[in-house]
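Student: Could you walk me through this one, starting with the charged pairs and then moving on to whatever else comes up?

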Amino acid sequence: AQSVSQHNHHVILSEAASLELGCNYSYGGTVNLFWYVQYPGQHLQLLLKYFSGDPLVKGIKGFEAEFIKSKFSFNLRKPSVQWSDTAEYFCAVNPDNAGNMLTFGGGTRLMVKP
Amino acid sequence: EAQVTQNPRYLITVTGKKLTVTCSQNMNHEYMSWYRQDPGLGLRQIYYSMNVEVTDKGDVPEGYKVSRKEKRNFPLILESPSPNQTSLYFCASRKTGGGGKNIQYFGAGTRLSVL
């Protein structure tokens, strides 16, 4: 069965530090990739997505992610985090032939210290 | 404003007492889905619906029922809740056609505690 792995469950950073959250998936075919963010007490919001083309995608709030097909990875990055980035981040994968099925990773809880 | 609305936002109940969590979307989306979110496990899909009167099991359907009598509504029913169903529940919707490229929109969540 396809799985999505986020190896870091909890990350604590100071403001202005750089961020990289890992996401690996097990599906071997063409995939659509997403990162969602959930701020405390709120619903999930789309941060960025990758379908095809340039493997480096830019999302909202200065986030970007890089799709590396050979590594089955879609890591999320931000050069300089802010306190307001404190949230839980979810990677999600949809195989291109799986219709609407979306599989989520376990989430990474990020805390940014002011 | 495009949105997915869940009610209630918070619910405490006792084992065995039937409950329903409502979900409504105003975007005319065909596809609707329920997830539960548990620490370290991310979001796991409970049930989904491709359209009116079309529902199917997700990854963790045991103990849950759904119905899709109207396009905009997709209620989640717990006939006999148990403590292991204590969780945070999210409803989501998206358009079909375009496969996984359509963005999924989430409700604000329902935090359920079963005592």
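Predicted model: local features only at pLDDT ≥ 70, side-chain atom pairs only at ≥ 80, totals over all residues.

Student: Fine, how many salt bridges does the structure hold over all chains?

Tutor: By that rule the structure holds 11 salt bridges over all chains. One of them joins Arg77(A) to Glu64(A), where the closest N and O atoms are 3.4 Å apart. That pair links distant parts of the chain, since Arg77(A) sits in strand E9 (residues 73–78) of chain A and Glu64(A) in strand E8 (residues 64–68) of chain A, 13 residues apart.

Student: Are Arg77(A) and Glu64(A) buried or partly exposed?

Tutor: Arg77(A) has a relative accessible area of 21%, so it counts as partly exposed, whereas Glu64(A), with 17%, is buried. The cut-off that matters here is that buried means under 20% relative accessible area.

Student: Which residues are linked with Arg77(A) in a network of salt bridges?

Tutor: The network of salt bridges links Arg77(A) with Lys58(A), Glu64(A) and Glu66(A).

Student: What about Lys78(A), which residue does it form a salt bridge with?

Tutor: Lys78(A) forms its salt bridge with Asp85(A), the closest N and O atoms being 2.9 Å apart, and both Lys78(A) and Asp85(A) are buried. In chain B, Arg44(B) forms a salt bridge with Asp38(B), for which the closest N and O atoms are 2.8 Å apart. Arg44(B) counts as partly exposed because its relative accessibility is 25%, while Asp38(B), at 11%, counts as buried.

Student: And how many salt bridges does the rule find across the interface of chain A and chain B?

Tutor: Across the interface of chain A and chain B the rule finds zero salt bridges, although it does find three residue pairs in polar contact, both residues of each being at pLDDT 80 or more.

Student: Which strands of chain A supply at least two residues to the side that touches chain B?

Tutor: Strand E5 (31–38), strand E6 (45–50) and strand E10 (87–95) of chain A each supply at least two residues of that side, and E5(A) gives the most, with four residues. By class, the side of chain A that touches chain B has nine nonpolar, 10 polar and three charged residues. Counting contacts, 22 residues of chain A meet 24 residues of chain B, and the area buried between the two chains is about 1800 Å², of which carbon and sulfur atoms give 56%.

Student: Switching topic, how many disulfides are there over all chains?

Tutor: The count comes to two disulfides over all chains. In chain A, Cys23(A) and Cys91(A) form a disulfide with their sulfur atoms 1.9 Å apart, and the torsion about the S-S bond is about -65°, so this disulfide is left-handed. In chain B, Cys23(B) and Cys91(B) form a disulfide with sulfur atoms 1.8 Å apart, and with -75° about the S-S bond that link is left-handed.

Note on methods
Residues numbered from 1 in each chain as written. Chains lettered and ligands numbered in written order. Heavy atoms only, no water. Contact = heavy atoms within 4.5 Å. Buried area = accessible area lost by both parts, 1.4 Å probe. Salt bridge = Lys/Arg side-chain N within 4 Å of Asp/Glu carboxyl O. Polar contact = N/O pair within 3.5 Å; in protein donor to acceptor, adjacent residues only side chain to side chain. Nonpolar A, V, L, I, M, F, W, Y, C, P; charged D, E, K, R; others polar. Disulfide = S-S within 2.5 Å. Buried < 20%, exposed > 50% of the residue type's maximum accessible area, 1.4 Å probe, protein only.
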